[in-house]
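Definitions are noted where a term is first used.

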Amino acid sequence: MTELGRYDIVIVGGGILGAASALRLRAGGMKPIVIEKDEMGQGASGVNAGTLSLQIKRVKLMPYALRGHQRWEHMGRAVGFRKTGGYTLAFNEREATLLEERMALKRDAGAPIELVSMKSLAAAEPRLCSAVVAASYCSEDGYANASLTGQYYRRALREADIPVLENSEVLNIQRTNSEYHIESSLGTLVGQRILLACGAWLPSVAALLEVDLPVQVRVNTLSVTERSPELFSNVIGHATGLLTMKQKSNGTILIGGGWQGRGHPSEGRGQVVAQSLLTNLRLAQYAVPALSALRIVRSWTGFEANVPDYYPLAGALPGLPDAYVLGCVRGGYTIGPYIAQLMGDLILGRAPELPLFDPDRSYDCA
Amino acid sequence: MSPNSTHSHIYDIAVLGAGPAGIAAAIQASQQQCEVLLIDEQPQAGGQIWRAKSDSIISAPATPESINADESRQVLATSGITHSCNSRVWHFEKQANDIWILYLVTNGQSSQIQCRALILATGAYERVFPVPGWTLPGVLGLAGATSMFKEYQTLHGSHTLVCGTGPLVFYVASEILRLGGSISAVVTLNSRLDWLQALPGMLGRPALLRRGFAWMLELKRRGVPVHWAHAVHSISGSSAVENVNIIPVDRTWAWRREVKLNSIATDSVCMGQGLLPSIEAARLAGVATRYDASLGGWIPDVETDTSTSVSGLYVCGDGAGILGVDVAQIQGKIAGLTASNFVKQQEPEKPSSLMKFLLYKFAKLKNFGLAMTRLSIPRDGQLKIISPETIICRCEDVTYAELQSLLQRGATTATALKSESRAGMGPCGGKFCMEMVLRLTAKELGQPISELKPPSVRPPLRPVALEAITGDFQYDDLPIPKSAPL
């Protein structure tokens, strides 16, 4: 097998986590390479809804999300960043209670979230459903365009002089003479260290190192409408977190919320499940009745990896020297660029600004 | 007739598409005592080639197409087949019990039907090779024009330039003359030699050959200029078509630059370069595809008995490879038989005499279809001449220059190109542009097109309004699971 070069670290996965880690490691003086089985940013990093909303972030991850937002704002136009503000809606008393409880905790964690009156909501977003009984607002919320992820990081890596091996699937990993030999469909890479950052494909790649990661995969559904005159200008969410909606600058409306499709990463891309999609669309149409006349142009799915406690895997791979894992970051699109910097710092032997999430923990559900 | 969408009802077979292949499949399956549902988008059965005149047209002179079409519709009407017209399937799934569930919108109303076997007879759409000005008002596809002629008996201009490849160029020209229009010129990339080479394949169908000669004679009699081995260089006009610039081409369809452009004044254009199999439904079902230029491009992997790698799913007609109406009907019958055997769980050890006969006919008629399709196989020279400002994706206004720059910056697949440029993300879902995007990708990367992979197919198969599929619902009845973790 062709040897394709020796590197300080081989990063498996060309999404946000892998690419942003590579940038941090390069800036810290290491020589990394990124290996990706498809193309840069075509997995979860490229097919997610691009929502940058603090209102849907987990309380314990809020400090990370706040810093993640800053990174996206900094990337700006190249990733289609827009800070629109966001409203989260409750349609009945049960949801209103949930909204108030949850938003209070998130506010305490540092997110500038406030509860708003129905009058001010109606003034800001006159086309929302009249059945809203409670709503919260966060001025920091917005979105970026996930389809631009691959393009953005491909250029960033090139400018930082970091090699990328695309369309190259990892087939085998051996550790000999204190080095990792990563055998791929295009040849073998040798790394002093290895970082697994391959999202939903983490379990299968970790298995090559005989590490068992308790990763589950969710198959999230997203839909986009045809272009429409402006129906709303903020990012719209639902108290349960099961709806996210934004109208992009080209007039199309992106509808998500984590409704489940079908499939597994080992069987190619996932499939849309009609009944699940329909509930998602009904919820969206209920929130903004004018959506009813718009045509859905495309629905698709993306794989989101999680561990049972829904906190990130970010740290050393248990039982192996110089091997690391980064993934399963709930809200990973928002938090990714920041937590990858922390990961880079850890590997560089620096103290991360915020604590990471040791993969060698107990995963009892919180 | 509206389909039976009650939860407990299961059709033996549903056929998607009521063109020649779908009609033949439905009738054959019905003759095998299967309960058949035939689903089609149009108000009347017939597909594109047998498209019915609109009800607003009181009478129209008979043509060979309309005679065949009326006969088929007659047979269909007395067959006992449920024909759900004005119906779109926007998604379908195979359930855990192996029964298919189809999600329909019929006259704006949503419904679900179930079936044991599904026959896809989804036909084709046309390949229009983009040139500067092809998005101007007054430009129609060749096949698009024929549907307008058949349904509304009307023309879209008074002086029309007809251009492209294959027999459709001459058929459209003859139809324009028949309907009282005038032709500014016929421009075809094919040379007389191309047609001469197609002759052996056509000899088996003397009636069709005679018809072709009649078209040619009529053009000659009317003094219509025919430019063989010529390409459209560009179409110009301030707000609609005014001029078409044409240029001679070599054997690879590249321009012969030493020759001056010939500008032809015209108020309308019909252009097309053959047909592309409509394979979205087959791909959505998980059938693998491969590239075969001789059959029109990307085609699903289909066995001669029309079965696929997905159990209970059959593909026939142009959607399995562009072979024309006669083959489509034979293949439809084959699909009807094969699917019936599957439903009745009586897959014979050896083919029945009827199946043998159909397979024989299929093999015989195939040559004519192949000869016609061959005339439209894209040639490399034509790709060399696309100018950077040419719009490739007309839904999203993506130019060749934009695609080129993304490829030069490192995109290596059509999937990446799609997400990065938005080509193929508009309402047509890439049906118009994706083949061209793939050709340009292959050219820029120096790879054979057969090695590229078209981007995934996603529902809905056609854009659908939310209200058409969400239907009536109560908020409190929405099955909202437990909230995301705090």
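Which residue of E22(B) does Ile296(A) stand opposite? I found Val464(B) in that position.

**Ground rules.** I am working on a predicted model, in which local features need pLDDT of at least 70 and side-chain atom pairs count only at pLDDT 80 or more, while totals for chains, interfaces and linings use all residues. Residues are numbered from 1 along each chain as its sequence is written, chains are lettered from A and ligands numbered from 1 in the order in which they are written, and side-chain values use heavy atoms, with hydrogens and water left out.

Strands pair here if DSSP finds at least two bridges between them, and the elements themselves are DSSP runs numbered from the N terminus, helices (H or I) of at least four residues and strands (E) of at least two.

**Interface totals.** Taking contact as heavy atoms within 4.5 Å, I read 56 residues of chain A touching 46 residues of chain B. The two chains bury about 4,500 Å² between them, 54% of it on carbon and sulfur atoms; this is the accessible area (1.4 Å probe) that two parts lose on being put together, summed over both.

I then looked up the polar side, and found 21 residue pairs in polar contact across the interface, both residues at pLDDT 80 or more. A polar contact is a pair of N or O atoms within 3.5 Å; within protein, one must be able to donate a hydrogen and the other to accept it, and residues adjacent in sequence count only if both atoms are side-chain atoms. On the side of chain A that touches chain B, helix H4 (93–108), helix H6 (149–159), helix H8 (274–287) and strand E17 (295–306) of chain A each give two or more residues, and the largest share, ten residues, comes from H8(A). That side divides into 23 nonpolar, 18 polar and 15 charged residues, where Ala, Val, Leu, Ile, Met, Phe, Trp, Tyr, Cys and Pro count as nonpolar, Asp, Glu, Lys and Arg as charged, and the others, Gly among them, as polar.

**Salt bridges.** With a side-chain nitrogen of Lys or Arg within 4 Å of a carboxyl oxygen of Asp or Glu as the rule, I find three across the interface, including the one between Arg227(A) and Glu396(B) at 2.4 Å, N to O. Within chain A, Arg361(A) meets Asp309(A) at 2.8 Å, N to O; Arg361(A) lies in the segment after helix H9 (332–348) and Asp309(A) in the loop between E17 and strand E18 (313–316), 52 residues apart.

**Sheets of chain B.** E8(B) is joined to strand E15 (residues 268–272) by three bridges, with Val139(B) opposite Val269(B).

I also noted an open sheet of three strands, E12-E13-E14, with antiparallel pairing. Strand E13 (residues 243–248) and E14(B) pair over four bridges, and Asn243(B) stands opposite Ala265(B) there.
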